[in-house]
Amino acid sequence: MPEPMGFFTDTTVCIGCKACEVACKEWNQLPAENGGIRELSGDSYDNTRRLDGIHWRHVRFIEQFKGPYDGRWLMMSDVCKHCVQAGCLEVCPTGAIIRTEFDTVVIQSDVCNGCRACIAACPFGVIDINPVSGTAQKCTLCYDRLKVGLEPACSKACPTDSIQFGSIVELRTRAQKRVDQLKSQGVKAELYGADPKGSLGGLNSFYLLVDEPEVYGLPRNPQLPSRNLAKSAGFSVASAAVLGVLALVGLRKRRMDDMGGPGAGGSN
Amino acid sequence: MSDTFFSGAPHWAWLIILYFFVGGIAGGACLLAAVVDWFGGPEDRPVVRTGYNVAAWGAILSGALLTIDLGRPLRFWHMLFQSANVPALMFKGWSPISFGAWALLLFGLFAVLSALGGMAEEGRLHNPALRAVGGAVRGGLAKVVGGVAGLLGVFIAGYTGILLSVTNRPIWADSPWLGALFVASGASTGAAALILLAPGRGATEQSLARLSAFDTKALVVELLVLVLFVASLGSVNRVWIGFWGLVLLVGVVGLGIVAPLRLHLQRRPLASAAKLVLLGGFLLRVATILASEGIERYRVAAGM
């Protein structure tokens, strides 16, 4: 059994070249958006804007500019987090979403029927429909490459090693060393998703960030969709019970009518 | 900011809205038909037969809407059987969309059987096979089949709200009250549908008056749950500042709950109030689904 594999993304060394995006599209044969007709976002140098069914990698540009000479760029190559406790896998009604022997999360396109429950379940907004297949798609952590001993296309293409691929245990050690190094230089650096006792049991694709998670478009405390199940079901049952009693009281044939006794014709 | 604002919209739009609305009506009408079937009198039979008919056609329409909405409609059966391991069943008790698929199938089965029983009672079945099934249901099993259909009906009306809550989307996952709200709305719209359709099958004034009285109580429950729903959203309520908030306030609360309540209290014509209740039930699904659908993750992250 192979050990859990994943990505450690050090955002401090990302240069926004998008080689990972291109390598991902090329290897996975993902179609161009809008038939290849370029659409600019108009308010950012980031024209990909989001992860979806045909963008499994997205280099997020965070442009923090207060004035023309006062600001910074933050760049982060975003991808599926391959959560140890995955919301998408939890809700998928067809069994299309599976956990692989590498502890990664993969959508089987030949099983998915495009119900889109996984899209709403993912706390990171990673999944979307691929319009060509009509099914939900996302990063597979290059399952086909892993099977033959190759590393994923994106990390292979990354020229600065911002995206590092390896065993999760080894990546965590490496990431902590990098955080310590940055902190010793006075940089505010934190790991996001590296703690196996943290949200969702840890993320098999985790990040080194130098600002708050929300700045990178990441939820502070991602949770499983099932957290709401018991409470929501309980309130629904209570509501059904109240209405059931009201129906019973209001719609039954009043016995007093039948008996012709006192109170006949009563409540209605 | 709620963590739900970083998730992606599942593009559940008009077909799903229509399914939630139709499923609510079918489920609510079936519950009421079953209650009247068990505890009503002979003069209430038109209401029972109408309720089972609404449930049966609603279940069939619901299944069609859900199938058409899929990205790959011909794979709808993947929700029921393991596609690579047929005939092994596909069922996840912790996933509302999974147990909902099974519940809808069973609801459809029991609602259609009940409707056939009702049609046999009216002597309207001419096909020999259908007449045999309808006759069999009518001959002793009717109340049991109807009772099961009624219980499954409440489930169909409510699980759609639970399904929305068991996600990571804004509004839906920020409140545990959507399921309860949809149950109440299913009951009120189910009663409204019966008030409008049962006279066509010869329902008496007395039966309709009882349904109307029940609808008044269901609307009060719906209003109370709606208030709890909005209160539970907390800071997320800022999403209602805009068009969908107007739809919720004017369309759902004003036209769909308060106006029919007033008509009921003034003992005005039943049909006008029933039509408003149906409009309110539809707008409730429109507002709750589209208000969340409109929130795009990348715009939130970019502070737009």
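This is a predicted model: local features need pLDDT of at least 70, side-chain atom pairs count only at pLDDT 80 or more; totals for chains, interfaces and linings use all residues.
The domain assignment divides chain A into domain 1, covering residues 5-223, and domain 2, covering residues 226-259. The C-alpha centres of domain 1 and domain 2 of chain A are 46 Å apart.

Chain A contains an open sheet of 4 strands, arranged in the order 8-1-10-9 with mixed pairing. From one strand to the next, the twist averages 25°. Within the sheet, strand 1 (residues 5-10) and strand 10 (residues 205-209) of chain A run parallel and are joined by 4 bridges. In this pairing, Asp10(A) stands opposite Leu208(A), a residue of strand 10 of chain A. Helix 6 (residues 168-184) of chain A packs on the sheet, where it touches strand 1, strand 8, strand 9 and strand 10 of chain A. The direction of helix 6 of chain A makes about 135° with that of strand 8 of chain A.

The contact between the two chains involves 55 residues from chain A and 62 residues from chain B. On the side of chain A that touches chain B, at least two residues each are supplied by helix 2 (87-91), helix 3 (117-121), strand 6 (128-130) and helix 7 (229-251) of chain A. Of the elements of chain A, helix 7 gives the most to this side, with 16 residues. By residue type, the side of chain A that touches chain B comprises 28 nonpolar, 17 polar and 10 charged residues.

In chain B, two helices were examined for their span and burial. Helix 5 of chain B, formed by residues 178-197, has 20 residues. From its first C-alpha to its last, helix 5 of chain B reaches 28 Å, close to the 28 Å expected at 1.5 Å a residue. Helix 5 of chain B is mostly covered, with 18 of its 20 residues buried. Helix 8 of chain B, formed by residues 270-293, has 24 residues and spans 35 Å between its first and last C-alpha, close to the expected 34 Å. A residue counts as buried when 20 or more other C-beta atoms lie within 10 Å of its own. In helix 8 of chain B, 19 of the 24 residues are buried, and the helix is therefore largely enclosed by the rest of the structure.

Definitions and conventions:
Residues are numbered from 1 along each chain as its sequence is written. Chains are lettered from A and ligands numbered from 1 in the order in which they are written. The expected span of a helix is 1.5 Å times one less than its number of residues. A residue is buried if 20 or more other C-beta atoms lie within 10 Å of its own, exposed if 12 or fewer, and partly exposed in between; C-beta atoms are placed from the backbone. Two strands pair if DSSP finds at least two bridges between them. Axes are lines fitted to C-alpha atoms, for helices over the stretch in contact, and angles run from 0 to 180 degrees between N-to-C directions. Two residues are in contact if their C-beta atoms, placed from the backbone, lie within 7 Å. Ala, Val, Leu, Ile, Met, Phe, Trp, Tyr, Cys and Pro count as nonpolar, Asp, Glu, Lys and Arg as charged, and the others, Gly among them, as polar. Domain bounds come from an automatic or database domain assignment.
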